[in-house]
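Have a look at the structure first, then read on.

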Amino acid sequence: MFQTFEEAGSSAESASRVDRLRTVLSQAGVDGFLVPRADEFQGEYIPANAERLRWLTGFTGSAGHAVVFPDRAYAFSDGRYTVQLGAQLDGKVFAASDSTKTTLPDFLKENAQGLKIGFDPWLHTVGEVAALRKAASEAGFELVALSRNPIDLVWQDRPAAPATKARVHSERYAGRSAKEKLAVIDAEMAKSNAALCVLSDPTTTAWVLNLRGSDVPHTPLVLAFALLRRGEKPILFLDPARLDAEDRGALEDQVELAAPESFERTLRSLAANTRVMLDPTRAARRIADIVESSGGEVVEARDPAILPRARKNEIEIAGSRAAHLRDGAAIVSFLAWLDAQPVGSLTEIDAASKLADIRAAFGEKDGMALRDISFDTISAAGPNAALPHYRVTTASNRRIEGGTVYLVDSGGQYDDGTTDITRTIAIGAPAAEIARAFTLVLKGMIAISRARFPKGTRGSELDPLARIALWKAGMDFAHGTGHGVGSFLSVHEGPQSISRRGVTPLEAGMIVSNEPGYYREGAFGIRIENLLLTLPAEPVPGGDLPMHGFETLTFAPIDRRLIVAQLLDAEERSWLDAYHAEVVRRTAPLLDEADATWLRGVARPLED
């Protein structure tokens with residue numbers, strides 16, 4: 001089973017846990033403490049032993065933080081989790097706040113004057129601590145780095161750190177050797193005149209060294225630091241026992257393996273009187289402290305692998321196309337199965353479990369095993385679909401009833417690619433207001449799919465295309481339109497995105513999601529998502545500038561029962577009909593006859 005459905009967090013013990021934490025804080029001589037959802041690697045995906053925020057508050061979202069004062073406490077998250085945050089917290093212990101409206105530095109400036117605020121320097125980046133220290137100097141509070149996280153002192157049944165098997169990711173899928181990638185990093189180090197580079201982001205380490213693992217749920221990462229030395233082998237801080245003999249031999253051709261517990265000692269030794277490159281947005285403040293205390297100089301620079309990783313090579317692109325075709329056929333088979341079930345006979349867990357089984361079966365049929373799902377499937381019926389990042393549990397499990405919609409957002413991890421797709425499905429006859437909202441979301445999704453744009457265009461400049469139809473109707477959605485996606489790596493990969501914060505220009509080879517939505521709290525939610533490959537800029541007949549465009553990677557039908565045809569213009573209808581024809585052409589040969597027949601029926605041209 002790739003996904004469990006038990007409740008991941010609970011606020012039942014928040015009061016007693018906060019009381020115990022306050023006792024430890026008082027003993028440490030601080031008045032408050034910052035609790036981010038982070039580990040020492042500063043990634044989006046963290047292991048169970050780093051889920052301190054969830055343990056303390058009961059909040060299970062993927063982004064957030066808490067602040068504990070002597071007499072009050074607050075928990076923050078963004079627009080994706082506004083409803084969930086309030087529902088999961090014990091309101092007598094934590095006040096829920098929106099992090100998009102109040103940043104942590106601004107909050108502390110208003111609420112921490114005269115206080116000593118403790119923090120764990122392993123759990124905040126160099127950039128975050130700089131902003132907090134600036135706020136402290138402006139508002140008159142003191143920021144205190146603690147040598148041990150006080151939550152760890154009171155979390156008695158804290159899980160052990162992960163130690164899963166690691167393996168080398170074949171060049172057959174990676175497209176480039178670790179040697180080639182290390183040369184890219186070495187060149188960037190030379191530009192900064194740095195002799196040492198700290199790889200603290202596990203996604204970067206995985207990409208550079210062609211290394212995969214399963215230390216965090218659904219993302220094939222190995223949680224390990226690496227030190228890159230110009231002119232010498234990198235040092236990877238990974239227990240050799242986590243590799244089989246063949247993979248260890250292949251990896252040791254490229255790196256020197258060292259015990260994870262030797263990282264600080266080795267960094268301190270190598271950093272002395274040396275320029276050390278690290279990314280201030282990704283490296284923990286503690287790493288910079290080690291460098292500086294040893295006499296080294298921190299050279300702040302963007303992660304040197306982040307753009308090369310985002311620009312997929314031809315092998316990765318071919319793999320992504322294959323993965324999406326296989327995955328699309330699995331989605332078609334699932335949707336055909338779903339459509340055949342009596343209305344009201346299924347629960348959210350029933351549907352999510354069946355989808356995982358179908359995905360795995362299509363992987364076996366294609367000879368490409370489903371390694372994992374790429375995130376917990378969002379299987380959401382009725383009002384649960386109004387929570388953009390809803391996670392079904394046995395406690396929340398809802399029957400998929402008629403008269404509304406079922407939203408399923410899911411993906412797979414295969415050696416040749418990572419997938420992510422959302423479809424919103426009519427269950428019975430949905431209300432007219434739902435169909436209207438669905439069509440407005442579809443118009444935005446089509447607008448992004450058809451976009452042409454010049455070199456240098458940022459995701460923030462495309463984002464309004466997905467919203468304009470909704471805006472005209474007085475509607476919007478509180479998440480980005482699209483995120484980057486890795487190659488058998490993270491389903492959320494930067495730096496590219498289509499969002500208000502998307503400042504990185506989109507380049508050929510970058511993969512992004514296209515997922516506008518609309519959510520009415522307590523009623524229903526809608527999202528339609530395909531993944532797109534950014535194409536090289538090409539001349540436009542009669543135009544002055546070459547223009548980028550997108551290739552759609554995802555192939556699965558969009559529910560015609562929810563489309564108000566009169567709201568689509570001729571070009572939008574033409575795109576939809578052409579897309580559905582392509583879905584049939586590509587996926588039908590992979591389906592059994594019954595599913596192929598169903599597909600041809602639901603993918604026929606749109607009618608008035």
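Predicted model: local features only at pLDDT ≥ 70, side-chain atom pairs only at ≥ 80, totals over all residues.

1. On to the helix itself. α12 covers residues 285-293, and its buried residues are Arg 285, Ile 287, Ala 288, Ile 290 and Val 291. What do they pack against? The partners of the buried residues of α12 are the helices α5 (126-139) and α11 (263-271), plus the strands β8 (196-199), β13 (275-278) and β14 (297-300).

2. Now the nonpolar cores. The largest has 71 residues, and the members that touch the most others are Phe 334, Tyr 406, Leu 442, Phe 550, Ile 558 and Leu 576. Helix α16 (residues 432-449) gives this core its largest share, nine residues. Beyond its neighbours within four places in sequence, Leu 442 contacts Ile 528, Ile 558, Ile 563, Leu 568 and Leu 576. Another core, of 56 residues, lies apart from that one; Phe 237, Ala 271, Met 277 and Ala 283 are among its members.

3. Have a look at Asp 78 too, in the loop between β3 (73-77) and α3 (82-88). Is it buried or exposed? Asp 78 counts as buried because its relative accessibility is 14%, and the cut-off is under 20%. Not counting residues up to four places away in sequence, Asp 78 touches Ala 63, Asp 98, Ser 99 and Thr 100.

4. Last, the second largest pocket, with about 760 Å³ of space. Its lining has 34 residues, with Glu 40, Phe 41, Asn 49, Ala 161 and Phe 225 nearest the centre. By type, the lining of this pocket splits into 18 nonpolar, three polar and 13 charged residues.

Note on methods. Residues numbered from 1 in each chain as written. Heavy atoms only, no water. Helix = DSSP H or I, 4+ residues; strand = E, 2+ residues; numbered from the N terminus. Buried < 20%, exposed > 50% of the residue type's maximum accessible area, 1.4 Å probe, protein only. Contact = heavy atoms within 4.5 Å. 1 Å grid on protein atoms, 1.4 Å probe; cavity = no way out; pocket = protein on both sides within 12 Å on 5 of 7 lines; lining within 4 Å. Points joined across faces, edges and corners; volume = space filled by probe spheres on them. Nonpolar A, V, L, I, M, F, W, Y, C, P; charged D, E, K, R; others polar. Core = buried A, V, L, I, M, F, W, Y, C linked by side-chain atoms within 4.5 Å.
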